[in-house]
Amino acid sequence: MAFEERNSPFNQEQAEHLNRLLPTLTETQKIWLSGYLAAPQTASSSTAVVSDHQKAAGDGGLPQIAKTETREVTILFGSETGNGQALAEELDQKLKERNFKVTVSALDDFKPKHLKNVQDLLIVTATHGEGDPPDNAISFHEFLNSRKVPKLKDLRFSILSLGDQSYEFFCQTGKDFDKRLEELGGERLHPRVDCDVDFDEPAAEWVEGVLNKLDEKRATEGSSALQEASAQAKQSTFSRTNPFKAEILESLTLSGRGSNKETRHLELSLEGSNFEFEPGDSLGIFPENDPDLVDKLIDEMNWDSEEAVPVNKQGDECSLREALLHHFEITRLTKPLLEKASQLYANEKLNELLEPEREEERKAYIDGRDLLDLVQDFPPYRVVSAKEFIGILRKIPARLYSIASSYQANPDEVHLTVGTVRYEAHGRERIGVCSGQCSERVQPGDLLPVYVHRNPNFKFPDDPEKPVIMIGPGTGVAPYRSFLEDREETDTRGKTWLFFGDQHFSSDFLYQVDWQKWLQEGVLSRMDVAFSRDTAEKVYVQHRMLEKSRDLYQWLEEGANVYVCGDEKHMAKDVHDTLLAVLEQEGGLSHEEAESYLTVMRKEKRYQRDVY
């Protein structure tokens, strides 16, 4: 209902303000506003004399209202790749726009003894590996389950968990926090939300739910902080949810003749994106599935490739083929997907595979198979429509690649080092979704949807006096090319030491010319290499580290930062064990003391890993 001057006590200007304001208000805001107007005022709005003190306080001439203290919101994040931090910072901004008092911190920067004073606690946390907390959440996780943790009867909390359903202990860290805070007496402000790799929509729903609950609580408690009602138009920016279409400028094969691998160097144009990045950041690419695999899946299920199917909760639609190409994951099986498929078409053999006692057999089946395997091995016992089937699939996740170039040197470009994943499994040749697209199905001039992914847990020091040790076999060397190119561009010198490894010197020495140039210029101080297939006994980067253990220990004692990038399952563990061995051998430390040494380094951000 619009206000008109002739029907109300408001003048034309006031009526125009009200007509702009009222349609923007939520139900919570309307309730709060009605209570505000109904509250006893200290003076009549028509006769109040406003003091100079009130004007100076910025009350706009309104009668002074008795204020109640607003509860403080504490946001803590545990993040391995930076997604948790980005969501926490976004939530921080939204709360501040609503005039909440907010503090935001990484879990390992938060002092546990302050937990008893926290009022409203919001935790955004990832889960690492098989149910472990991320590195920067370990200390908080341990404290929460220790005897030192206080009772939290005045605490309100909510948890957003980030995870990957392909892992057995999906979102376990968030579940642990949620359960433990309730056990300690906390009140759940809003239900926990567990997000798969396609986390944008559920995370946005959690944020909205938390904001609404806090608004309701504040209105009920009579807080006098008035939320800004008129929304300002925001300039469209490119991001994860609005990726930039980057043109491929170059696609070069780095691996030489005779290599067992295919490694490509991609150069993409970022002109017009307004993206900025730092060494250690990654580029996210939203890939498309192999058209051949999509067509085989559609044929196997006897679907119409042109049938319209929904692609999101808003009901947007496109053709089935387009949806399977660009929107949904079809190359990876997970236990939740098998469970949903079982419920959808009731294949008895699939039901049997999901029985608890056949867990190992189920894990073995999932490994290396895709959706085409599933519908061939366990065909539906009834006709399943494309729309029904689409409903059980998760969104295709972006693939992250460490940036291999300097923004300072090439602000309108980004370079990537992409190893093509190829393997044979279960009678079929397989290829990685994104790496296969980059190697086989795109060429210079084509476009890829991309966004910059900040990685706050893999940051190089600004201080040139800080020694830097970089360990990166294979494509794990990419962020170090970015870092050294950045130093070359800014004419920065300092002690830098690179350990690089691959299979063959002649065919797999990635960016060999760049390293040699930087060694000559002094941008790179030292380099040790290991080519595992060039000797009778395989030699890896960790062996080179042990050979240089005395110098390596000296660099550590001088305060060097250590960076590890690459394979998580084997290399990262071997490198960690080697660092322990160096500390024990050269520093005379016990195993426990060496572990403590690295723990302190990690807390001081001197030991950082980007492993996958």
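## Basis of the values

Because the model is predicted, local features need pLDDT of at least 70 and side-chain atom pairs count only at pLDDT 80 or more, while totals for chains, interfaces and linings use all residues. Residues are numbered from 1 along each chain as its sequence is written, and side-chain values use heavy atoms, with hydrogens and water left out.

## The parallel sheet

An open sheet is formed by 5 strands in the order 19-18-17-20-21, with parallel pairing; strands (E, at least two residues) and helices (H or I, at least four residues) are DSSP runs numbered from the N terminus, and two strands pair if DSSP finds at least two bridges between them. Strand 19 (526-531) and strand 21 (607-611) stand at the edges with a single partner strand each, so one side of each has no neighbour in the sheet. From one strand to the next the twist averages 10°, with axes taken as lines fitted to C-alpha atoms and angles running from 0 to 180 degrees between N-to-C directions.

Strand 17 (residues 468-471) is joined by 4 bridges to strand 20 (residues 561-566), and the two run parallel. Isoleucine 471 has valine 564 as its bridge partner in strand 20.

A polar atom of the serine 259 side chain lies 3.0 Å from the backbone nitrogen of lysine 261. Leaving aside neighbours within four places in sequence, serine 259 is in contact (heavy atoms within 4.5 Å) with Ser507 and Asp508.

Aspartate 508 lies in helix 17 (residues 505-508) and is buried, with a relative accessible area of 2%. Beyond neighbours within four places in sequence, its contacts include Ser255, Ser259 and Phe531. Aspartate 508 and glycine 258 are 250 residues apart in sequence, yet 9.3 Å apart in space, C-alpha to C-alpha.

## Nonpolar cores

The largest nonpolar core has 37 residues, and among those with the most contacts inside it are Leu324, Tyr345 and Phe389; such a core is a set of buried Ala, Val, Leu, Ile, Met, Phe, Trp, Tyr and Cys residues joined through side-chain atoms within 4.5 Å. Helix 10 gives the largest share of this core, 5 residues. A second, separate core of 25 residues includes Leu91, Val124, Val193 and Phe199.

Notes: Polar contact = N/O pair within 3.5 Å; in protein donor to acceptor, adjacent residues only side chain to side chain. Buried < 20%, exposed > 50% of the residue type's maximum accessible area, 1.4 Å probe, protein only.
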